[in-house]
Amino acid sequence: MYELLAIILKFISIVFGGILAGFIGSLTGLGGGTVLVPLLSIFYGVPIVFATGASLISTIATSAGSASAYTKEKIANIKIGVGLEVATTIGAVVGSLLTVYLDHHALTWLIYVIFGIVLLGSLVPAVKRGQSELPPHTRPDWTTRIFELSGKYHDARLKKDVDYNGIRWWLGEIIMFFAGTVSGLLGIGSGALKVLGMDWAMNLPMKVTTTTSNFMIGITAATGSSIYWYSGYIQIFIAAATAIGVVIGAYFGAKALVKITNKDIRWIFLAILSFLGVEMIIRGFVTDNIIFIVPLIQFLISIVIAVVFIAVLYLHNMRRVRSVEAL
Amino acid sequence: MKHFDVYRIISASLRTGVILSMASVISGIVIIMVKGGADGYTLAQIASYSKSQTLYSSLIPLNNLFTGMYQLDGAFYVAFGLWVLIFTPITVVVIALMSFIETRNRLYIALSSCVLFVLFFAMLVVPHFLS
């Protein structure tokens, strides 16, 4: 009886971690997995492959859950999504096989380090997010016509119909291949890379980018999931708890996002994420005994680096905002 | 065939998939807790993080999925729920393919078939080489 109670509490604590991850992930736009993997591996002591496995499953759940809400608004572009999925799914196969390789060769510390680097790298576009809604006008190129990348949606906030032309389909495909690889390797949706591919490379409006990316994330994660399943990276107890938690957290995160008017609150969450990123890199070296640091010192180092990192981003961002306002 | 609203169908199938999956996962976990174990593993083993003790995906025989569910084994309910979840986004690609077939958009019929091919390659061919 006592044991049962302890296990129920353990389950609930993982669900709670999932809620937190889903909430922060959806508020910052990075997705639940980006928070979930460090949370499970650093604070819950879950082996990294189980953490990535649980995260991949949770990523499908959140993507499917929120895409069902988004697609009703008809902003997501299904043609662009399916076209780019060719590259992300191939990337996901490569990425998840890479994880299997690293796991079999006792190189899992590399997963921590790559995860940390990707996490810190994703913060840079996350900071810029929500500042420019519409891309600069560019002329359609040959891929616009062949791959039918033009579209139209109604923007409720700008109160007008927005026409857009996607360009450089090939560049989008190349970036999506890497996004897929990262997703398969780290068990995350890699929404930041997907947004980069569509926003920067293909010059699509932010709304189209985020909704289409959300719809694609599930398909990419599903590709890697079966490989993860047969490699034994999905621990059912953990995966069940996180999937439930992340779905709940993402739901509330999306609700809160609409209500939060003070943009500065996002900086607190971005700071937490940068701490997790640095901590993952250090943890990678520590687990494999490449370096030895006492946990307390390790946390302190992570905090200091994270604070510096986020301060640089904050100041850089403020200067940009000011220069935009001056115009 | 009458033109169908592809967005609405995608949205509905995603929602159905998530709800069905979550229901199955939650009932699986409840059964595991009530029965104090599943698939020959004790509750403590299932809740363990240690790779040498715990029950992880490749140890669950998917061939026995439905027999396991019939025998009210919680692990198989969780496994079923997780696989429903994995298949949910794939139905989206199938629906998109159907809409492209309807509009006779050759290029996108090819592209979505390509995505489905990679998906099934990842699910059916690649695992063969893993063990």
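Which residues in H2(A) meet which residues in H11(A)?

Mentor: The model is predicted, and what follows should be read as a description of that prediction. On the side of H2(A), the residues in the contact are Val35(A), Val37(A), Pro38(A), Ser41(A), Ile42(A) and Phe43(A). They meet Leu273(A), Phe275(A), Leu276(A), Glu279(A), Met280(A) and Arg283(A) in H11(A). By class, this contact of H2(A) with H11(A) comprises nine nonpolar residues, one polar and two charged.

Now the geometry. Two packed helices are described by the angle between their axes and the distance between the axes. Helix H2 of chain A covers residues 32–43 and helix H11 of chain A covers residues 265–287; their axes lie 10 Å apart and the packing angle is about 55°. Because of that angle, H2(A) is oblique to H11(A). The crossing of H2(A) and H11(A) is left-handed.

A second packing, this one between chains, can be set beside it. From H9(A), the contact draws on Ile219(A), Ala222(A), Thr223(A), Ser226(A), Ile227(A), Tyr230(A) and Ser231(A). Their partners in H5(B) are Val115(B), Leu119(B), Ala122(B), Met123(B), Val126(B), Pro127(B) and Leu130(B). The contact of H9(A) with H5(B) has eleven nonpolar and three polar residues, and no charged ones.

Thr223(A) is one residue of H9(A) to inspect individually. Thr223(A) counts as buried because its relative accessibility is 0%, the cut-off being under 20%. Leaving aside residues up to four places away in sequence, Thr223(A) touches Thr89(A), Ala92(A) and Val93(A), together with Leu119(B) and Ala122(B).

The strands of chain A complete the picture. Strand E1 (residues 150–155) and strand E2 (residues 160–165) pair in the antiparallel sense over six bridges. Tyr153(A) stands opposite Val162(A) in E2(A). The two strands, E1(A) and E2(A), form a hairpin with four residues between them, and Lys159(A) in the turn has a positive phi of about 55°. In a regular strand the side chains alternate between the two faces of the sheet. Along E1(A), Gly151(A), Tyr153(A) and Asp155(A) point to one face and are buried.

Technical notes
Residues numbered from 1 in each chain as written. Chains lettered and ligands numbered in written order. Predicted model: local features only at pLDDT ≥ 70, side-chain atom pairs only at ≥ 80, totals over all residues. Heavy atoms only, no water. Axes fitted to C-alpha atoms, helices over the stretch in contact; angles between N-to-C directions. Parallel < 35°, antiparallel > 145°, perpendicular 65-115°, else oblique. Left-handed = near helix turned anticlockwise from the far one by under 90°. Contact = heavy atoms within 4.5 Å. Nonpolar A, V, L, I, M, F, W, Y, C, P; charged D, E, K, R; others polar. Buried < 20%, exposed > 50% of the residue type's maximum accessible area, 1.4 Å probe, protein only. Pairing = 2+ DSSP bridges.
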